[in-house]
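Please read these notes with the model open beside them. They are meant for someone who has not seen it before.

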Amino acid sequence: MLQAWRAEFAERLLAGDVDPVEVDAANGLVSTGQQLADVDPRSLSDDELIAMVRAVEAAERAIAAARSHALAELEQRGTTERTAGLVTRSWLASEFGIPKSECSRQVRVASRLRRTLPLVDDALADGRLSFDHARLLCDLCNPRVVDSLVELQQPLIDLAADVRFEVWARDVRDLISVLDADGGHQPEPERSHLSLNSGLHGELVIKGVLHGESARTVEHALRAAADRLFHRSRRDQQATSDLPLPSRNELLAAALVDLLRRGSAAEAPRHAPAADVTLVVQADALTAATAGDGTRVDETMTSLLMCDPVLHALVVDSLGVPLDLGRSVRFATKEQRRAASVRDGGCVFPGCDAPPTWCDLHHVEHAEDGGRTDLRNLASLCRHHHGISHRQGWQMRHEPDQWFSWVTPGGQVLHSQRHGRRKC
């Protein structure tokens with residue numbers, strides 16, 4: 001699309017159908033952007049690299065203001081409806097391949113800045129505010145507070161100086177909630193949405209946008225859970241250097257899984273599995289499994305899931321057609337789970353504080369290797385430390401009096417705990 005625009009602009013330029021100011025602005029913008037894109041950041045010093053990022057950010061804010069002005073004018077004139085049969089946001093999405101939700105936001109903000117918040121528009125143009133600042137103020141500008149917000153434009157612009165966006169946004173939202181006497185205002189008209197897509201190798205890609213209170217609730221819960229998991233990982237690393245600290249993004253992903261697992265466990269009937277996962281397992285190859293959709297499950301995950309499952313025997317004919325579904329059989333009985341809960345008091349991995357309700361019963365000697373489902377061979381482990389115990393290179397062993405130990409890949413020996421206390 002941009003190449004086509006350049007070609008059209010060149011034709012207009014040759015035909016003399018372009019204003020000199022437009023020529024200078026367009027040529028300067030494209031030329032400067034191309035020059036910046038051609039710079040190899042690896043050739044820059046630290047100071048030069050920082051200066052470049054600052055310059056690009058200032059340019060982006062100015063360009064955002066220019067785009068906003070142009071979109072507001074297009075919307076005001078109805079140009080795209082006349083020329084292309086599309087409203088401005090739809091034309092923008094079609095012309096440049098931008099998500100339609102983002103186009104709607106850009107047009108809405110542009111129109112609100114033009115009609116109602118001119119000082120915010122000026123601050124965007126001269127770089128004092130980012131487009132995110134302007135968008136938040138436009139989203140909050142409902143009919144009940146619009147007059148007050150117009151009067152407060154300059155103080156709110158000044159408040160943004162030298163303050164992180166999150167802190168500024170929180171203060172602005174608090175102020176608007178005080179001004180909005182009627183309460184209950186939902187500034188974002190967009191609906192929260194989420195999509196789930198399975199990858200070719202069993203991965204799950206999650207994409208979505210949350211707004212308002214939903215966004216704040218999820219963000220707070222994930223960050224708090226990630227912090228908790230970080231402290232757990234740090235305790236694990238203090239116990240053994242064979243467990244490195246995960247990255248923040250890895251912690252956030254683990255936090256999402258942890259919160260969902262806990263929520264599922266809280267809602268499930270007593271002694272019911274926290275999640276229902278279909279695995280197709282051959283009787284003569286308990287570590288080779290596929291998911292219900294045919295995706296192969298790696299051996300480590302299969303071993304973990306088969307350690308404390310509810311099994312349903314499915315009888316098939318020679319062609320694989322199901323004939324009968326037997327009743328469910330659980331490896332560990334209700335009484336064994338209660339006894340392990342009393343004995344262990346939660347996860348037995350040293351330093352872990354997971355309670356019994358969050359734990360699986362792990363077969364220290366794996367069932368596929370002939371391990372029996374009796375109490376001395378069952379250890380309470382949270383899902384995280386259960387997974388660690390199944391990692392390649394890790395060995396879990398029995399100790400006298402139903403205590404346990406691990407040998408890490410580096411040869412370090414870790415001893416289990418009961419009720420948060422290690423063996424004296």
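**Notes on the model**

1. Trp406 has Leu414, in β12, as its bridge partner. This is a predicted model, and the remarks here should be read as such. Strand β11, residues 403-407, pairs with β12 in the antiparallel sense, over 3 bridges.

2. These strands belong to an open sheet of 3 strands, in the order β10-β11-β12, with antiparallel pairing. The edges are formed by β10 (395-399) and β12 (413-415), each of which pairs on one side only. On average, neighbouring strands of the sheet are turned by 25 degrees against each other, if direction is ignored.

3. Which residues have the most contacts inside the largest nonpolar core? They are Leu113, Val120, Leu137, Trp168 and Val172, in a core of 25 residues. Two or more residues each come from α3 (46-77), α6 (100-115), α7 (118-125), α8 (131-140), α10 (153-159) and α11 (165-179). The most come from α8, which gives 6 residues.

4. Leu137 deserves a separate look. Not counting residues up to four places away in sequence, Leu137 touches Leu117, Val120, Leu149, Leu156, Trp168 and Val172.

5. How many of the residues of α8 are buried? The count is 9 of 10, so the helix is mostly covered, buried being under 20% relative accessible area.

6. Thr80 is found in helix α4, residues 79-84. Is this residue buried or exposed? Thr80 counts as buried because its relative accessible area is 3%, and the cut-off for buried is under 20%. A polar atom of the Thr80 side chain lies 2.8 Å from the backbone oxygen of Leu86. With neighbours within four places in sequence left aside, Thr80 is in contact with Leu74, Gly85, Leu86, Val87, Thr88 and Trp91.

7. Asp158 has its place in helix α10. With a relative accessible area of 48%, Asp158 is partly exposed. From C-alpha to C-alpha, Asp158 and Arg128 are 8.6 Å apart in space, while 30 residues separate them in sequence.

Terms used:
Residues are numbered from 1 along each chain as its sequence is written. This is a predicted model: local features need pLDDT of at least 70, side-chain atom pairs count only at pLDDT 80 or more; totals for chains, interfaces and linings use all residues. Side-chain values use heavy atoms; hydrogens and water are left out. A nonpolar core is a set of buried Ala, Val, Leu, Ile, Met, Phe, Trp, Tyr and Cys residues joined through side-chain atoms within 4.5 Å. Buried means under 20% relative accessible area, exposed over 50%, partly exposed in between (1.4 Å probe, protein chains only). Helices (H or I, at least four residues) and strands (E, at least two) are DSSP runs, numbered from the N terminus. Contact means heavy atoms within 4.5 Å. A polar contact is a pair of N or O atoms within 3.5 Å; within protein, one must be able to donate a hydrogen and the other to accept it, and residues adjacent in sequence count only if both atoms are side-chain atoms. Two strands pair if DSSP finds at least two bridges between them. Axes are lines fitted to C-alpha atoms, for helices over the stretch in contact, and angles run from 0 to 180 degrees between N-to-C directions.
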